[in-house]
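The following exercises are to be worked with the sequence and the model at hand. Each task is followed by a solution in steps.

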Amino acid sequence: MKTTKIYEPLKENISSVASELKKGEIAAIPTETVYGLAANALDENAVAKIFKAKGRPADNPLISHISELQMLDLIAKNVPQSAYKLANAFWPGPLTLVLKRGSFVCDAVCAGLDTVAVRMPSHEIARQIISEAKVPLAAPSANKSGKPSPTTAQEVLSDMQGEFEYIIDGGKCEFGVESTVLSLADENEKPLLLRPGSVTKQQIEKVLGCEIEVSNAVTNVLENDSKAHSPGMKYKHYSPKAKMFLIKASSEKYIEYVNDNHKKNSDITALCFDGEEKHLNCEAITYGQSDNVEEQAFKLFSSLRKLDEIGAKIAFAHCPSEDGVGLAVYNRILRAAAFRVVEL
Ligand code: TXA
Ligand code: MG
């Protein structure tokens, strides 16, 4: 078993990680969205180590991270003009594009699909590591499969101790939810939003000058027999240990509902907006102001982990708005609640 340690982002540590990655090892690196568990995207054995460390199903493909546009040719082919338009507007940054797969990226990254997901992160340390490694890095979120994504080096460590050596500390992630995933792989169809993130549907439409489609799986349970455009949508995700319920209600009704239920069942805890905790009779974790979806995105995953830390058994979460970045928060919290929704 390896000893996993957090390293300061010093020049020599960045160089050590880049050379380990080049040699076929895996390491956790910061990005502006969440921490990623990285491996050389062109090395089949290295990528296999990611799936093993995370306990990730082999049919769930990974995102490849590049530090400059020239690296795109190693990853993708027949890249449409719309991709360059979006790259120009949002890269480096939290937008992932699904494109036709190029010939150098290894099979495990694409999980057998003829498409590949790629993004250029804006986090300076991530970019330095990719540049020094001189290869695209496949990197899913650096958590055990099914758990909330880590937004601090400490959260990576608490999930992944013993799996690999390096975690490079880049501080708390700027956005806190994973990148927006948009498919441009089918030239006969409208662009398809597979996973909402900090780059919003409206921002993408403005750049492309056309409407985009939102995958059904963003806000709905996928039936067993329906085709998953993005395999990641099929899986249990972001789950705290508590059984969570998502409560769609005004602040007043939410508070009344939680307090009423807590009288009958003292196991109930709350995941609420700032200020609501003062009116609740149960233990409560907050995840930002009710009208600040960016703040909610920034805090959500850490708040889900705090529910575990306080030993919450049942959690009533106050539902966020679905507007703009709110759709990304809603998509994650809905899965954390295993689609159990109470509408008041
Ligand atoms: O912000 C992020 O995207 C973070 C950081 C580390 O960059 N990474 C991340 O990776 O969230 P992961 O593996 O947790 O999520 C990747 C998502 C999954 O839902 C997966 O199914 C989807 O991207 N995906 C990857 N390749 C795909 C493909 N070829 N077609 C459709 N979906 C794909
Ligand atoms: Mg993930």
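**Exercise 1: Backbone exceptions**

Ala338 has a relative accessible area of 42% and is therefore partly exposed, where buried means under 20% relative accessible area, exposed over 50% and partly exposed in between (1.4 Å probe, protein chains only). The model is predicted: local features need pLDDT of at least 70, side-chain atom pairs count only at pLDDT 80 or more, and totals for chains, interfaces and linings use all residues. Residues are numbered from 1 along each chain as its sequence is written, chains are lettered from A and ligands numbered from 1 in the order in which they are written, and side-chain values use heavy atoms, with hydrogens and water left out.

Task: State the phi of Ala338 and of Tyr238, and describe the peptide bond between Trp91 and Pro92.

Solution. 
- Step 1. Most residues other than glycine have a negative phi, and most peptide bonds are trans.
- Step 2. In Ala338, phi is positive, near 50°; this residue lies in the loop between α11 and β17 (341-343). Helices (H or I, at least four residues) and strands (E, at least two) are DSSP runs, numbered from the N terminus.
- Step 3. Tyr238, likewise not a glycine, has a positive phi of about 55°. Its place is the loop between β12 (213-214) and β13 (243-248), and its relative accessible area of 1% makes it buried.
- Step 4. Trp91 and Pro92 are joined by a cis peptide bond with omega of about -5°. Pro92 belongs to the loop between α4 (81-90) and β6 (95-101).

**Exercise 2: Two helix pairs**

Task: Determine how α1 is oriented to α6, and how α10 is oriented to α11.

Solution. 
- Step 1. Two packed helices are described by the angle between their axes and the distance between the axes. Axes are lines fitted to C-alpha atoms, for helices over the stretch in contact, and angles run from 0 to 180 degrees between N-to-C directions.
- Step 2. The axes of α1 (residues 11-23) and α6 (residues 124-133) come within 8 Å and cross at roughly 50°. The two helices are therefore oblique to each other; angles under 35 degrees count as roughly parallel, over 145 as roughly antiparallel, 65 to 115 as roughly perpendicular and the rest as oblique.
- Step 3. On the α1 side the contact (heavy atoms within 4.5 Å) is made by residues including Ile14, Val17 and Leu21, and on the α6 side by residues including Ile125 and Ile129.
- Step 4. For α10 (residues 293-309) and α11 (residues 326-336), the angle is about 25° and the axes are 8 Å apart. This makes α10 roughly parallel to α11.
- Step 5. Among the residues that meet are Leu300, Phe301 and Leu304 of α10, and Val329 and Ile333 of α11.
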